[in-house]
Amino acid sequence: MTRKNPNIVITGTPGVGKTTHAEELARNLGFTHLSINQIVKDESFHEGKDEGTGSWVVDEDKLLDHLESTSLSATGGYILDWHACDLFPERWIDLVVVLRCGSETLYDRLVKRGYGGKKLEENMDAEIMQVVLEEARAGYGEGVVVELRSEGVGDLEGNVGRVEEWVERWRGDNIK
Ligand code: DAT
């Protein structure tokens, strides 16, 4: 492997703070922030929206082909921001950060975002059942997945600092 920088997945239920964390990390580290939702929308890597949940039905092959065409696997230095993580090949990913949030905080954030009905309920349930965390643990090796709390600004700053320190260690271990 010749990557100069690690690739990091920031994942979790919608509203936990993925974009907020990914933007700050990308800025501080000089990494490229890939909002997978935005790419799916912009490039039409989907087959329309699921009627019940209102989320995109993603064409995973097209999305992966697109990611493969970037320098992600060759040079690293990417932050992938998405509510799912088991799609990305394990060999691309060095760290998976699963952000977690308490029910009350998440409820307020999602209502503010205009979520209601089934969509709100499903996302609340998914966070309580820690669906994304289980998916991450099932898809990646031990030591790759880290669970971090994202309730307030103090958590955000602490989490960003921890990931930055982790990147420094990764460079020390991987760049000769
Ligand atoms: P996601 O990308 O996971 O959907 P987001 O980054 O858009 O989430 O965050 C949703 C809202 O919650 C947004 O208004 C920022 C706020 N937020 C998230 N994490 C936070 C934190 N640790 N401290 C303060 N605000 C936070």
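Trainee: What percentage of the 176 residues in the chain do buried residues make up?
Mentor: This is a predicted model, and every value we discuss is computed from it. Buried here means under 20% relative accessible area. By that cut-off, the buried share of the 176 residues in the chain is 45%.

Trainee: What radius of gyration does the chain have, and what would a compact globule of 176 residues have?
Mentor: Along its principal axes the C-alpha trace spans about 55 × 35 × 30 Å. A compact globule with 176 residues would have a radius of gyration near 16 Å, and the chain agrees with that expectation because its own value is 16 Å.

Trainee: How many helices and strands does the secondary structure of the chain come to, and what percentage of the contacts between residues at least 6 apart in sequence join residues at least 24 apart?
Mentor: The secondary structure comes to eight helices and seven strands. Among contacts between residues at least 6 apart in sequence, the share that joins residues at least 24 apart is 74%.

Trainee: Is Tyr78 buried or exposed?
Mentor: Tyr78 belongs to strand β5, residues 78-81. Leaving aside neighbours within four places in sequence, Tyr78 is in contact with Pro6, Asn7, Ile8, Phe31, Thr32, Leu34, Thr70, Ser71 and Leu72. Its relative accessibility is 10%, and because the cut-off is under 20%, Tyr78 counts as buried.

Trainee: How far apart in space are Tyr78 and Asn5, C-alpha to C-alpha?
Mentor: In sequence, 73 residues separate Tyr78 from Asn5. In space, C-alpha to C-alpha, the distance between Tyr78 and Asn5 is 8.2 Å.

Trainee: What separation do the C-alpha atoms of Gly30 and Val57 have?
Mentor: Gly30 is in the loop between α1 and β2, and with 63% relative accessibility Gly30 counts as exposed. Along the chain, Gly30 and Val57 are 27 residues apart. The separation of their C-alpha atoms is 31 Å.

Trainee: Which element gives the largest share of the lining of the largest pocket?
Mentor: The largest pocket has a volume of about 1,000 Å³, and 36 residues line it, with Pro14, Asn37, Ser55, His83 and Tyr115 nearest its centre. The elements that give two or more residues to this lining are α1, α2, β4, α6 and α7. The largest share, four residues, comes from α6.

Trainee: What phi does Ser44 have?
Mentor: Most residues other than glycine have a negative phi. Ser44 sits in the loop between α2 and β3, and its relative accessibility of 42% makes it partly exposed. Although Ser44 is not a glycine, its phi is positive, at about 55 degrees.

Trainee: Where does Gln130 lie?
Mentor: Gln130, a residue other than glycine, has a positive phi near 45 degrees. At 25% relative accessibility, Gln130 counts as partly exposed. Its place in the chain is the loop between α6 and α7.

How values were computed
Residues are numbered from 1 along each chain as its sequence is written. This is a predicted model: local features need pLDDT of at least 70, side-chain atom pairs count only at pLDDT 80 or more; totals for chains, interfaces and linings use all residues. Side-chain values use heavy atoms; hydrogens and water are left out. On a 1 Å grid over the protein atoms alone, a cavity is a set of points where a 1.4 Å probe fits but cannot get out, and a pocket is an open set with protein on both sides within 12 Å along at least five of seven lines; lining residues have an atom within 4 Å of a point. Grid points are joined across faces, edges and corners, and a volume is the space filled by probe spheres set on the points. The radius of gyration is taken over C-alpha atoms; the globule rule is 2.2 Å times the number of residues to the power 0.38. Buried means under 20% relative accessible area, exposed over 50%, partly exposed in between (1.4 Å probe, protein chains only). Contact means heavy atoms within 4.5 Å.
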